[in-house]
Amino acid sequence: MKLTFPLVALMSNKNLKGAFQEALGNLDIQRIWTPYFAAACNLTTAETLVLEEGPLWQAVLASNSPAGLFPPVVVDGQLLVDGAILENVPVQAMRQRLSTPLERRRGNGAVIAIDVDVKDAFEVNKNVTDLSSWNKLKSHFEKAHDNLPGIVDILMQVAHIGGLAQRQQTKHAADIYFEPPLSNFSIMDYKKAEEIIEVGYEYAMQQINVIKSSIQ
C-alpha cells in the first residue's frame, strides 16, 4: 500500500486545471468581447490582485484555489490563491473598472454583487466539547449528532474569513446585493452544477421582480 502525505495542499488541482483548460481553451482575457477580470489573493504581496490579462483559465483557476485545499497558482513567481481571504466579493475592483475612463474616475455606474458564499453559522452542538478525529468520524454514523466540520470545512472557513468579516461593508458598497440560497451546496459539488444554476436562476428572477415593483 502506498501512502501519500500533503506537502503543499490537501488536494491536487490537476483535474480542476484540466477542466478549466478544456472549457476555456487558449483564450486570453484581453480577447474576450465582454470585459472580465478575476480577483485573487496574492500571498507574495499580501494584497488583492486583479487579473485582467493573460490566459483566462489561469485567472479562473487562481481565483478558485482556496489556500491549503489546492496549491497556489504561480504567476510570474508570485503565489496566488482564492481572493476570498481578503475580499470575497470584489466590489471595489469593479468600481474601478467600469466601462469608460470618466466612469472609472468618478466611480459611477451600477454594481451588482452576487455573494454565493453565504453559509449557515460555523458552529457545533453545544454538547460537543472536543473536535477530535474520532468524534468527526463518529458524526458520520450517529444520526443523533450533528455532522461535525472536517479539515476541508475548517480550511474553507479560514480561507474566507476576510470576506466574511467585511460582508456588511460589501453590501453597502454595492448598488444591488444578492445572496442566493446556496448554503446547502459545498465548494466541491461540481456534479450538482445544473441544480445550483436552477436555484440561482429562480432566486435572481424573484429579486428582479422585487426590484421592478419597487421602481414602478
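Residues are numbered from 1 along each chain as its sequence is written, and side-chain values use heavy atoms, with hydrogens and water left out. Because the model is predicted, local features need pLDDT of at least 70 and side-chain atom pairs count only at pLDDT 80 or more, while totals for chains, interfaces and linings use all residues.

A search of the whole structure gives 1 salt bridge, defined as a side-chain nitrogen of Lys or Arg within 4 Å of a carboxyl oxygen of Asp or Glu. The partners are Lys171 and Glu179, whose closest N and O atoms are 3.1 Å apart. Lys171 is partly exposed at 28% relative accessibility, and Glu179 is partly exposed at 25% (buried means under 20% relative accessible area, exposed over 50%, partly exposed in between, with a 1.4 Å probe and protein chains only).

The count of aromatic pairs also comes to 1 (ring centres of Phe, Tyr or the six-membered ring of Trp within 6.5 Å; planes under 30 degrees apart are stacked, over 60 edge-to-face, the rest tilted). Helices (H or I, at least four residues) and strands (E, at least two) are DSSP runs numbered from the N terminus. Phe178 is buried at 10%, as is Tyr203 at 14%.

Finally, Asn42 sits in strand S1 (residues 38-42) and is buried at 1% relative accessibility. Leaving aside residues up to four places away in sequence, Asn42 touches Glu47, Leu49, Gln78, Leu79 and Leu80, a contact being heavy atoms within 4.5 Å.
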